[in-house]
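Work through the exercises below with the model open. Try each task before reading its solution.

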Amino acid sequence: MGNLINNKEIKLVRQHMGEEAAGRWEGLEKKQENADVITIANTGLYSSGKSSLFNALLDQIDNMRFPVGAIPTTKSGDREKLSRFVEIIDTPGIDATYEDDNVAVSMLMESDIILITHNIKTGMLNQSEYTWIQNIVKNVGKSELAKRLVFICTWIDEVTDEADRKKVTNELKRQLNEILNVEIPFWEVSAKRYCVARKKESEKLIMASNIPQFRVWLLDKAEEYRNTASANRKQEVLDLCVVSRDILMKKKLDYDIEYEKIKKEIERQFVPKQRSWDMILENFKEMKKTVQNKLRSLKKEEYDRYGFFEQQIKSM
């Protein structure tokens with residue numbers, strides 16, 4: 001497909017359309033560079049279990065590929081290969097900093113499949129998560145949601161009461177439907193349970209974590225997406241072109257409105273003054289005309305007087 005956008009053009013996008021739009025274009029440009037690779041990114045609050053989920057999917061129990069901790073650790077997007085044609089990206093937490101949010105937007109646009117992770121212990125989506133998912137909808141486009149989004153409830157082992165867990169998941173599905181207006185895959189997993197089970201070599205607990213099932217399903221989904229990746233990516237570019245055009249048209253309209261306001265203010269302040277000066281100029285023109293007429297009259301009188309004396313001299 002070739003290069004979509006160069007650094008100079010990205011700079012112009014950032015200047016005229018903002019950081020988020022620039023991040024989206026940068027993400028799509030990176031996606032074109034890895035045409036044969038399907039990229040899966042996760043997103044969510046920094047305590048949602050994003051990194052733990054990816055470590056479990058990679059079967060990294062002791063030597064964790066993705067750092068985890070009580071404070072935000074992911075900054076620039078750690079990457080690993082889940083399979084030959086599938087790459088996973090751990091994005092910054094959405095509640096870290098404004099700069100991290102911009103990095104996350106770029107990574108989500110670079111990705112083909114987006115995993116939205118949520119810590120089920122926290123209950124329903126909070127305002128930050130709700131707003132962030134709305135932002136994903138805006139960036140991805142409604143037609144792509146069902147193909148590209150997956151919702152993951154993590155830490156299911158921490159909610160032991162089945163009725164409570166069911167109540168929370170039902171509420172989460174209601175919220176998702178409210179935001180997305182389309183059904184997306186919904187998984188419940190426990191990376192912690194998987195790690196404990198692997199160390200104990202308990203096949204029953206391993207399967208109860210849902211990590212193996214989810215890994216198989218995710219790889220199948222990635223392969224399915226890979227079959228139509230070229231067409232999907234072209235559509236993404238077209239969609240972003242439309243969005244960019246709309247942003248610029250709105251900005252032009254805003255500029256036109258501001259221009260008219262400034263123009264009217266200038267007219268309000270200076271048109272009366274201009275009229276006063278125009279009147280003064282007209283008065284000066286009249287005065288000039290009067291003076292010129294007077295000068296012509298005086299010249300004629302002098303000429304006539306000179307002619308009279310000339311005749312007197314000739315007659316002597």
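**Exercise 1. Find which residues Phe151 contacts beyond its neighbours within four places in sequence.**

Solution. This is a predicted model. Set aside the residues within four places of Phe151 in sequence. What remains in contact with Phe151 is Ile116, His118, Leu125, Leu172, Leu176, Ile184, Pro185, Phe186 and Trp187.

The largest nonpolar core has 29 residues. Phe151 is among the members that touch the most others, together with Ile136, Leu149 and Leu180. Two or more residues each come from helix H4 (98-110), strand E4 (113-119), helix H5 (127-140), strand E5 (149-154) and helix H7 (162-180). H5 gives the most, six residues. A second, separate core holds 28 residues, including Phe66, Ile88, Ile152 and Val189.

**Exercise 2. Decide which side of helix H8 (residues 191-200) is buried.**

Solution. List the buried residues of H8: Ala191, Tyr194 and Ala197. Now take their directions around the axis. They span an arc of only 125°, so they lie on the same side of H8. The spacing rule is this: an α-helix has 3.6 residues a turn, so residues three or four places apart point the same way.

Check the other face. Turned away from the buried side, H8 carries the exposed residues Lys199 and Lys200. Then ask what covers the buried residues of H8; the cover includes H3, helix H9 (203-208) and helix H10 (211-227). Finally, look just past H8, where Glu201 has a positive phi of about 55°.

**Exercise 3. Classify the ring pair Phe214 and Trp217.**

Solution. Two numbers are needed: a pair of aromatic rings is described by the distance of the centres and the angle of the planes. For Phe214 and Trp217 the centres are 6.0 Å apart and the planes are at 20°. Planes under 30 degrees apart count as stacked. The pair is therefore stacked.

Phe214 has 0% relative accessibility, so Phe214 is buried. Trp217, at 25%, is partly exposed. Ring pairs join Trp187 to Phe214 and Trp217 in a cluster. The model has five aromatic pairs by this rule.

**Exercise 4. Locate charged groups that sit over rings.**

Solution. Start with Lys121. Its charged end sits over the ring of Trp155, 4.6 Å from the centre. Then take Lys173, which lies over the face of Phe186 at 4.9 Å from the ring centre.

Terms used:
Residues numbered from 1 in each chain as written. Predicted model: local features only at pLDDT ≥ 70, side-chain atom pairs only at ≥ 80, totals over all residues. Heavy atoms only, no water. Core = buried A, V, L, I, M, F, W, Y, C linked by side-chain atoms within 4.5 Å. Buried < 20%, exposed > 50% of the residue type's maximum accessible area, 1.4 Å probe, protein only. Helix = DSSP H or I, 4+ residues; strand = E, 2+ residues; numbered from the N terminus. Contact = heavy atoms within 4.5 Å. Arc of directions from axis to C-beta. Phe/Tyr/Trp six-rings, centres within 6.5 Å; stacked < 30°, edge-to-face > 60°. Lys NZ or Arg CZ within 6 Å of the ring centre and 35° of its normal.
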